[in-house]
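Subject: Structure handover

Hello,

Please find the structure below, with notes on what was found in it. Could you read them alongside the coordinates?

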Amino acid sequence: MENMVRVALDAMGGDYAPKEMVKGAVEAVKERSDVKVFLVGIEEQITKELSQYTYPEEQIEVVGASEVIINDEPPVNAIRKKKDSSIVKAMTMVKNQEADAFVSAGSTGAVLVGGQLIVGRISGIKRAPLAPLIPTTKGVSLLIDCGANVDAKAPHLLQFAKMGSIYMEHVVGIKNPRVAIVNVGLEEEKGNALVKETYPLLKNCPDINFIGSIEAREIPNGYADVIVCEAFVGNVILKLYEGLGSALLHKVKEGLMSTLRSKIGALLIKPALKKTMKDFDADKYGGAPLLGLNGLVVKIHGNAEANTVKTAITQCITFGKQEINQKIRDGLDQEGTVEQ
C-alpha cells in the first residue's frame, strides 16, 4: 500500500456522475495495481453503482459527503459554505496528505478556487495555471494557462514556462521541451504589452528551451511543446480547438454520407479515419492539471465518461511517482521574488 498513489475522485462532479465516475475508477484499479481511489460523494448513490462491478476492493474506498457544488454556484461562496461537499472534502484529503491527487469533472470555478484556498500553492508560486495537453500532428503540446489567471503578469508567465517544461519532461517524457509564447507574429518586437514584457524574460531564462513566439495557426502542427499564454488567450485557443474539431468531424461525416459512392468510400477508409480521430481526441490524454499546488489537482471535462476518468487517474499515478511537485520546488528555488 505504501507504493500506491492515492487519488480522491469527486464522484458527484460532471454530467454523468456518479455512474461514469465510478465506472472509470473501477476500470482504473482493474488496470493498475499501484493506485487507490477514494470515491468522495453521496455514499448511497456511489455504493449502488459500485455494486454492479467486481474489482479489487482494497483499491477503492467510499468517502461520504452530503453536499454537491453545482456549476452555477458562485465558486468562492460554495467552497466556503459547503464544507461537506464532495469537492471540498476530497481536496481537504489532499491538503491533509490523506490523498496524493484530486480529480473532478465538476464546477471548474470551484476546482480552481478550492485548489488555491484548500490545497494551497507551493511556496514561491504566485499563480497556479491550468495546463491541458492538446493534440497536434506531432503528438501533444501543453497549453499553459488555459483558464485560471486572466490577470497574469510577465513573471507569472515565466513561472508557467518553467512548470510546463518540468511537466512535459517528466510526465510526458519529452526531453528539453520547446517553449514558445503565443503572439500575433514571430518577430520579437510584436505583441501586446504583456507579451513584450514576457519575451525577454523567457529568452534569457537558462532553465527552459525557449524558441520564440508561436502564432495560433502553428499550434496544431506541434511547433512547440509548451505553449505559454495568459488564461484569456489560452481559453479562447482551447475552446476554438474543441469547436473547430467538432465542426470538421461533423462536416466530414456529412460529406461521407452524402452519396452512395461516398458511403462506399467511407467503409473503405473507416479504420484509418477512426485511428486518426483517436489521435486527435483530447480526452485520451487525461485532464488539465492545476500546476504549482501542494498536491495534484486535475480538472476533466464536465461531460467526461469512464475512459476519461480512468485516463486522468492514470495521469495522477505518473505525476505522483515522478514527484513533479518536488521537481517544481527544486526548479524554482533560485527564482527569487515574483511580483504579486
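A salt bridge here is a side-chain nitrogen of Lys or Arg within 4 Å of a carboxyl oxygen of Asp or Glu. This is a predicted model, in which local features need pLDDT of at least 70 and side-chain atom pairs count only at pLDDT 80 or more, while totals for chains, interfaces and linings use all residues. Residues are numbered from 1 along each chain as its sequence is written, and side-chain values use heavy atoms, with hydrogens and water left out.

Salt bridges

The structure holds 12 salt bridges. One of them joins R6 to D100, with the closest N and O atoms 3.0 Å apart. R6 is in strand β1 (residues 5-10) and D100 in the loop between α4 (86-95) and β4 (101-104), so the pair links distant parts of the chain, 94 residues apart. Helices (H or I, at least four residues) and strands (E, at least two) are DSSP runs, numbered from the N terminus. R6 is partly exposed at a relative accessible area of 26%, and D100 is also partly exposed, at 30%. The classes used are buried for under 20% relative accessible area, exposed for over 50% and partly exposed in between, with a 1.4 Å probe and protein chains only.

E31 forms a salt bridge with K310, and the closest N and O atoms are 3.2 Å apart. Because E31 lies in helix α1 (residues 19-31) and K310 in helix α10, this pair ties together parts that are 279 residues apart in sequence. K310 is buried, with a relative accessible area of 16%.

A further salt bridge is that of E188 with K203, where the closest N and O atoms are 3.1 Å apart. E188 sits in the loop between β7 (178-182) and α7 (193-203), K203 in helix α7, and the two are 15 residues apart. Both ends are partly exposed: E188 has a relative accessible area of 36% and K203 one of 48%. There is also a network of salt bridges that links R32, D34 and K321.

The sheet with β5 and β6

Five strands form an open sheet with mixed pairing, in the order β5-β6-β9-β7-β8. At its edges stand β5 and β8 (209-214), each with a single partner strand, so one side of each has no neighbour in the sheet. On average, neighbouring strands of this sheet are turned by 30° against each other, direction ignored. Two strands are taken to pair if DSSP finds at least two bridges between them.

Strand β5 (residues 133-136) and strand β6 (residues 139-144) pair in the antiparallel sense over four bridges. A hairpin of two residues joins β5 to β6. Within this pairing, I134 has S141 of β6 as its bridge partner, and T136 stands opposite G139 in β6. From β5, L133 and P135 point one way and I134 and T136 the other, and all are buried.

Helix packing

Helix α6 lies across β5, β6, β7 and β9 (226-228) and runs at about 150° to β6. Axes are lines fitted to C-alpha atoms, for helices over the stretch in contact, and angles run from 0 to 180 degrees between N-to-C directions.

The axes of α6 (residues 154-172) and α10 (residues 306-321) come within 9 Å and cross at roughly 105°. The two helices are therefore roughly perpendicular to each other (angles under 35 degrees count as roughly parallel, over 145 as roughly antiparallel, 65 to 115 as roughly perpendicular and the rest as oblique). Y167, H170 and V171 of α6 and Q315, T318 and F319 of α10 make the contact, where contact means heavy atoms within 4.5 Å. By class, the contact has three nonpolar, three polar and no charged residues (Ala, Val, Leu, Ile, Met, Phe, Trp, Tyr, Cys and Pro count as nonpolar, Asp, Glu, Lys and Arg as charged, and the others, Gly among them, as polar).

Seven of the 10 residues of α4 are buried, so α4 is largely enclosed by the rest of the structure. The buried residues are S86, I87, V88, A90, M91, M93 and V94. Just after α4, Q97 takes a positive phi of about 60°.

In helix α8 (residues 231-256) lies E242, which is partly exposed at a relative accessible area of 32%. E242 and E57 are 185 residues apart in sequence and 37 Å apart in space, C-alpha to C-alpha.

Regards
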